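Biologist: I'm new to this one. Can you put the model up and walk me through it?
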Amino acid sequence: MSDLEAYRLSARAFLEKMAPKYAREARAGNTVEQDLALGREYMAAKHDAGFAGINWPVDIGGQGLSHLHKITFDGEEMQFGMPVQFFGISLGMPVPIMMHYCEDRDFVKERVRKALRGEEIWCQLFSEPAGGSDLAGLRTRVEPDGNGWKMNGQKIWTSWAQYCDYGVIVTRSDPNVEKHKGLTYFWLDMKAKGVDVRPIKLAGGDSHVNEVFFDDVRLEDSQRLGAVGGGFGVALHTLMIERYIATDSGGFGPHLDEFVKLARHIEVGGRPALGDGRVRSAIARNHAMRAGLDSITKRAFLMMQAGMQPGPEGSLQKLVAVRSRQKLSELAMDLKGNEGLAFDEHAFVKTDWGTSWLNAPTGRIAGGSDEVLLNTIAEKILGLPQDHRPDKGVPFNQIPA
Amino acid sequence: MSILYDEGQQAIATESRRVLDARMSKDRLLGLLEQVGQADQPFWDTAVEQGWTALAIPEEHGGLGLGLTELGLVAQATGAATAGAPFLTFGYGAARALIDGGDAALAAQWLPKLASGEALGTVAFAEGNAALPPAAGVTFVDGKLTGTKPAVPGAITADIAVVWANTGGKPVLVLAELAGASRKAVPSYDNTRLYADVTFAGTPASVLAEGDAARALALDVLARMAVVTAHEQVGGAEALLHTARDYALTRKAFGQLIGAFQSIKHRIAEMYGLVEVARANCIHAAASEGQPGFLLAAADARIAATEAYDTNSRDCVQIHGGIGVTWELGLHLHMRRARSLAVETGNLYFWEDLLVDQLTGEAA
């Protein structure tokens, strides 16, 4: 048995032990606050068991294992439906960036420990009302204020900000240079004076994202991560860390088995749905697509294991999987007919078709919209030209509005 | 088997691509489109010389003893070049039926000849839109075949065919020498596939398998051929992706490269996605050869590859505009091949149904 397989089994054993208290069934009917409290408890248990910070260095409080170990654990954990949604971004990007750039190592160690145990949560303040995809076009500004900085402006779509203790943020420090050259990156205390968090209720009824307003918020220069004017590079570094997340060929919606299970017990026009050509075609096409994505993931995994760089085709995962989840959810609702009109706002996205459908658009927009992903594939993988960009080479404050 | 190609497999991929780049000619292929019954002889000579006919035949029968992964890589190169004769796939199918069929003497007689290219084999399962008809119209009684198999690939020049037939209400898989059948060439949109209606009138044939065993063997042979074809389709789809990309980087309209327009670049990015999903399925299917789950993996590969090649031939032509529909540019070589391959080893209806059968145990 390979080292990774042994690791997977030990992860599975731990998760099975945790499941009765923390997994999907145990969470049914929880309010967000109850779920968060349960999540914090689970994170502490995970830390105690040695499954926290799996691929982080030992000296900072991690386990010192490989990215593959982390993906292995995450893949197993995803199947249980543990209450980890609050901590994914926190541990995924802001905390690793702190580990890399923050010079006060004792401070970082303390934050890492508390973040791993779920005692503190970090958010990432990138998107703004004037632009999500166009990150470098951001307008939240900082200006020198004594030996530190003063920040004003607004961020939006900030996940879990209402529960966060800290955040990392990209700001405009110089509007007189090209847009991506005038940015500076900081960490901040989300409870600081002048920070105002307002939840946004989404179409699905939940409010996990927020608007965050800054009114003369004081930042010490020691909160700066990277050079003044070097914020765009740190932001790109932040986004690169996302490469090592577990993928899901179901687009983070229900598994195809759920669709087959549904079709097994339903008739269409008086005949079993599984005998209906339209249903069969949908199952077959989805299976072929998902099997392809799974095979891409498996190959990338084996390549990393062999010390090679995986191919760029991994970038297809979210694009292909989420939009097909959206369509499959519609089909499942059609199959259920009137019975699919009932809606439970506490249902889980991985087991409920209505919830999956209603939240699918978020998946196609957040973390790179379909269109931006297609641009990235076209430009970075296939070498096609960039779009027409009137803002290129122009100082930020002279870009036509 | 691993889904990472080893050095030997990578060498097969590179070398087959290199040889075909050097020896294939678009003008020759365009000329062949207008002739019925004419194979691309220079390609076939190359295939024999390179040992592609021997690749997946066991060593004890004069072959190289390699498997679907290696044959798939060659098929990918032939697909990219719209090279090919049907025998790369259908000769392999005939060989597999002989290898796994119940007649050792017949296998010993024909496999070395198929490996050396001395004999050409094909497979005659389909009738109309049924890739493997539940009750074949061709019958087998007292050692003799009667009836017609329509548009059998390669049949114009093949020496032997493995035939799916009906014997007293049960399926049977038999081997027939085509010298004893009458063949009528079918003029086609893809003439180098050498389609012919094959009519048996008391043609002697030898049994390879009967009843449930015949059905299991025929399905395995069809799935193996489908995996080879899927590789060929991926090769074609990828060539079209590159052709579209290169054209979008050359052609200008409204003062800029057309590749800068999102309507074009997004279409090309989608083509890339289809190729990579299909490729991943092909790699997985080839590595699943002989294992449980092979039929399901073959169906995944076949469905994804058919979608990729069909879509990419539509879209590559569209991206080219007017020049794309000219005879001379030759994109229609891919259009034609995309459709002939889509049908030859079982259409999408067949593979979608087979996939769902495998997944759920429920037949349509």
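Biologist: What is the mean pLDDT of chain B?
Modeller: This is a predicted model, and the mean pLDDT of chain B is 96. In chain B, 99% of the residues reach 70 or more.
Biologist: And what ipTM and pTM does the model score?
Modeller: The ipTM is 0.95 and the pTM is 0.93.
Biologist: OK, on to the interface. How many residues of chain B are in contact with chain A?
Modeller: On chain B there are 34, and they are in contact with 37 residues of chain A.
Biologist: Which helices of chain B each supply at least two residues of that side?
Modeller: Those are α7 (211-248), α8 (262-287), α9 (294-320) and α11 (348-360) of chain B. The largest share comes from α8(B), with 14 residues.
Biologist: How do the residues on that side of chain B divide by class?
Modeller: The side of chain B that touches chain A has 19 nonpolar, eight polar and seven charged residues.
Biologist: Let's zoom in on one helix pair. At what angle do α10 of chain A and α11(B) pack?
Modeller: About 85 degrees, where α10 of chain A covers residues 277-305. The two axes are 9 Å apart. Angles of 65 to 115 degrees count as roughly perpendicular, so that is the term for α10(A) and α11(B).
Biologist: Which residues meet there?
Modeller: From α10(A), they are A:Arg280, A:Ser281, A:Ile283, A:Ala284 and A:His287. From α11(B), they are B:Glu352, B:Asp353, B:Leu355, B:Val356 and B:Leu359. By class, this contact has five nonpolar, two polar and three charged residues.
Biologist: Switching to chain A by itself. Into which domains is chain A divided?
Modeller: Domain 1 is 3-121, domain 2 is 123-241 and domain 3 is 247-381.
Biologist: How many Å apart are the C-alpha centres of domain 1 and domain 3 of chain A?
Modeller: They lie 26 Å apart. The contact takes seven residues from domain 1 of chain A and seven residues from domain 3 of chain A. On the domain 1 side, the largest share is four residues, from helix α4 (residues 67-78) of chain A. That side has three nonpolar, three polar and one charged residues.
Biologist: Last topic, strands. How many bridges join β2 to β3 in chain A?
Modeller: Five bridges join β2 (residues 141-145) to β3 (residues 148-159) of chain A, and the strands run antiparallel. A:Pro144 stands opposite A:Trp149 in β3(A).
Biologist: And how many residues are between the strands in that hairpin?
Modeller: The hairpin of β2(A) and β3(A) has two residues between the strands, and A:Gly146 takes a positive phi near 65 degrees.

Methods. Residues numbered from 1 in each chain as written. Chains lettered and ligands numbered in written order. Predicted model: local features only at pLDDT ≥ 70, side-chain atom pairs only at ≥ 80, totals over all residues. Contact = placed C-beta atoms within 7 Å. Nonpolar A, V, L, I, M, F, W, Y, C, P; charged D, E, K, R; others polar. Axes fitted to C-alpha atoms, helices over the stretch in contact; angles between N-to-C directions. Parallel < 35°, antiparallel > 145°, perpendicular 65-115°, else oblique. Domains from an automatic or database assignment. pLDDT = per-residue confidence, 0-100. Pairing = 2+ DSSP bridges.
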